[in-house]
Amino acid sequence: MAAMADVTVSGSQGSEEYVDGSIFRVKLHNFLTYSDAEFHPGPRLNLILGPNGTGKSSIVCALCVGLAGSTRFVRHEKDSGYTEIELFFERGNKVIRRNIFRDNKSTWQVNGKDSTLKTVAGIMQTASIQIDNLCQFLPQDKVGEFSRMNPVQLLKATEDAITDSDLAAKHVEIIELQNSMSDKGRVCCRSLELKVLSSC
């Protein structure tokens, strides 16, 4: 458990192990309400607790920004800041750092070396992190959008969040098969209907 100002970040404790893509560490510098902060989420459920205005949403924004989201989050009186997110991987953790500048430009580093957004996107794909999937990452400002999703949209987002690459393809295949069967069924019924009408 790490305390930052009036915010407490509590990770689950126990013998659970991190899985590939788990957020292992988050470090913030000149980011929104934080001058400097670092915390280490646990391998499972993590809670961010604190009174209003203490930076809970800033942590969520940092995760989004650090994994390729919007960049308008440098502290007002500073020219630059950064987020640094360490993702666990069994073969070796990846530290993704996004340096953010007042002019909304940013640069990327992976494991201390200059990198690109494309490389970070590849790491996110490998880690099965989908910042734009509301079933996987639901920031406070997107709750309304999530609640307006229809059942088909929710199912698709859930399938994508599960990250079984074959699941979505199998679902499309089933839909196509169902449509194909429906078309054949309609043709069969129409033929039967014509036979009945012609015998009258």
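**An exposed leucine and its setting in a predicted model**

L45 is exposed, because its relative accessible area is 60%, where the cut-off for that class is over 50%. The residue sits in the loop that lies between β4 (34–39) and β5 (46–49). Together with L47 and L49, L45 makes a nonpolar surface patch of about 300 Å². The accessible surface of the protein as a whole comes to about 12,900 Å², and carbon and sulfur atoms account for 55% of that surface. As for the interior, 32% of the 200 residues of the protein count as buried.

The structure is a predicted model, and its fold comprises five helices and nine strands. Read from the N terminus, the order of these elements is β-β-β-β-β-α-β-β-β-β-α-α-α-α. Among contacts in the protein between residues at least 6 apart in sequence, those joining residues at least 24 apart make up 55%.

Confidence must be considered alongside this description. The average pLDDT of the protein is 76, and 72% of the residues reach at least 70. Strand β9 (residues 113–115) has the highest confidence, at a mean of 94, whereas strand β1 (residues 2–4) has the lowest, at 42. Over residues 1–5, pLDDT stays under 50, and the model has 15 contacts beyond four places in sequence for this segment. Residues 8–15 likewise stay under 50 in pLDDT, with 25 contacts beyond four places in sequence. Where pLDDT is low, predicted coordinates should not be read in detail.

Conventions. Residues numbered from 1 in each chain as written. Predicted model: local features only at pLDDT ≥ 70, side-chain atom pairs only at ≥ 80, totals over all residues. Heavy atoms only, no water. pLDDT = per-residue confidence, 0-100. Helix = DSSP H or I, 4+ residues; strand = E, 2+ residues; numbered from the N terminus. Contact = heavy atoms within 4.5 Å. Buried < 20%, exposed > 50% of the residue type's maximum accessible area, 1.4 Å probe, protein only. Areas by Shrake-Rupley, 256 points an atom, 1.4 Å probe, with all protein chains shown as cover. Patch = residues over 30% accessible without salt bridge, like charges linked within 9 Å, V, L, I, M, F, W, Y side chains within 5 Å. Salt bridge = Lys/Arg side-chain N within 4 Å of Asp/Glu carboxyl O.
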